[in-house]
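This report goes through a protein model by its pockets, core, aromatic pairs and backbone. Please keep the structure open while reading.

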Amino acid sequence: MSLARAETRRLFKRRFTSSILIGVLLILGAVAAGTFLSNQRVTETEIAAAQAEAQGYYQEAVRTATEDKQKCQAAAGTPEAANYPPNCDDVWTPTPEEYDYTWYMPETFELRAEFPDMISVLAVVLAAAAFLVGASFVGSEWNSGGMMNLLLWRPRRLQVLGTKLAVLLGWFTGLTLALGALWTGAFVLIAELRGSTEKMTSGVWQSFALTGLRGLAMVVVAGALGFALASLGRHTGMALGALVGLGALQIGVYMMASLAGAKYPDAWLAPVWGYVWMYKELILEDYDSCNYSSSSGCVPDTFTMTWQAAGIGTAIVAALVVGASVWAMRNRDIT
């Protein structure tokens, strides 16, 4: 039996792997079911009702504004005048644009606008699963002595470690692609039954595909990091501890950066990197700065994080961690 086939059997024979995959399916099923049940397809009747409701609120606001203006004019020269603007024409007057009828319509799933969020949900769930399965896959081998036994009949350390990692990442790549196809089909069906598939052009589908590829990269990197950390520490707990430690470190770095007067402390947070990677960019603001403009008042300084920068930073971290695990496998004593 080839080493790759043996590692595949070992991966899927583990109850932890089965439990995680079942958990993934349950979570994704709950998200899809919740989306289906919380949305509905909008008909002409709902649109007309929403338009009538918006118009009613607008007319009521107009009446209120008219009364306020009359009170302002009547208060001229009295102590009550302090409660109104010096010029009664400055009293707020509503406009129809401020009462958009779409605000009063029931929730409906618009595939073009909302499916990118669903792609991100799929990527995050699978990335978490890949990290946990990857850490447990190699960590349990070290902890139980199975790695040492395996190296007795296959004494090629890097080949063994590399095959394990390749099997893990290969299967999660296939799983992500398969679930991605099912996920897309499910939400197209939800949009047909409980929403809208309008304005779905080839460019929109291409954008969805690119977002999905970035999600696949997130899953692969998460699996590699979990695997490498557990192999480096020779225990599953190493990866989990590193994850907890990263959270604490992130809080500490954020606080220190804020206290040191760093303009954009959010840029040091790993979740922000993940968000930028999936949504392509994020504009961070420095609320302590104020560039005055006569047209728009105080405008804070901004910094735009791009998915390219987030991807390069993540790739460097992943390469260092995986490289360290390879070095340890090659140079440290196995026993």
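Helices (H or I, at least four residues) and strands (E, at least two) are DSSP runs, numbered from the N terminus.

## Basis of the model

The model is predicted: local features need pLDDT of at least 70, side-chain atom pairs count only at pLDDT 80 or more, and totals for chains, interfaces and linings use all residues. Residues are numbered from 1 along each chain as its sequence is written, and side-chain values use heavy atoms, with hydrogens and water left out.

Pockets are found on a 1 Å grid over the protein atoms alone. A pocket is an open set of points where a 1.4 Å probe fits, with protein on both sides within 12 Å along at least five of seven lines. Lining residues have an atom within 4 Å of a point. Grid points are joined across faces, edges and corners, and a volume is the space filled by probe spheres set on the points. For the linings, Ala, Val, Leu, Ile, Met, Phe, Trp, Tyr, Cys and Pro count as nonpolar. Asp, Glu, Lys and Arg count as charged, and the others, Gly among them, as polar.

The largest pocket holds about 1200 Å³ of space. Its lining has 33 residues, and V221, L225, L246, A270 and T314 lie nearest the centre. Helix 4 (111-144), helix 7, helix 8, helix 9 and helix 10 (307-331) each supply at least two lining residues. Helix 9 gives the largest share, seven residues. By type, the lining has 28 nonpolar residues, five polar and no charged.

The second largest pocket holds about 500 Å³. It is lined by 18 residues, with T108, E110, G195, S196 and E198 nearest its centre. Helix 4 and strand 2 are the elements that give two or more residues to this lining. Helix 4 gives the most, with four residues. Here the lining divides into seven nonpolar, five polar and six charged residues.

## The nonpolar core

A nonpolar core is a set of buried Ala, Val, Leu, Ile, Met, Phe, Trp, Tyr and Cys residues joined through side-chain atoms within 4.5 Å. Buried means under 20% relative accessible area, exposed over 50%, and partly exposed in between (1.4 Å probe, protein chains only).

The largest nonpolar core has 55 residues. V24, F115, L168, W183 and F187 have the most contacts inside it. Helix 1 (3-13), helix 2 (15-38), helix 4, helix 6 (157-194), helix 7, helix 9 and helix 10 each supply at least two of its residues. Helix 4 brings the largest share, 17 residues.

## Aromatic pairs and charges over rings

Rings of Phe, Tyr and Trp (its six-membered ring) pair if their centres lie within 6.5 Å. Planes under 30 degrees apart count as stacked, over 60 as edge-to-face and the rest as tilted. The structure holds 11 aromatic pairs. Why does the pair Y275 and Y279 count as stacked? The ring centres of Y275 and Y279 are 4.6 Å apart and the planes are at 25°, so the pair is stacked. Separately, F109, F115, W183, F187, W205 and F208 form one aromatic cluster.

A charge sits over a ring if NZ of Lys or CZ of Arg is within 6 Å of the ring centre and within 35 degrees of the ring normal. The charged end of K164 sits over the ring of F137, 5.0 Å from its centre. The charged end of R214 sits over the ring of W307, 6.0 Å from its centre.

## A look at helix 9

Y275 and Y279 both lie in helix 9 (residues 270-279), four residues apart, about one turn of the helix. An α-helix has 3.6 residues a turn, so residues three or four places apart point the same way. Y275 is partly exposed, at 40% relative accessibility. Y279 is partly exposed too, at 29%. V272, V276, W277 and M278 of helix 9 are buried. Just after helix 9, K280 takes a positive phi of about 80°.

## Positive phi in two loops

Most residues other than glycine have a negative phi. K199 has a phi near 60°. This residue lies in the loop between strand 2 (195-196) and helix 7 (202-233). K199 is exposed, at 63% relative accessible area.

R234 has a phi near 55°, again a positive value in a residue other than glycine. R234 is in the loop between helix 7 and helix 8 (236-259). Is R234 buried or exposed? At 14% relative accessibility, R234 counts as buried.
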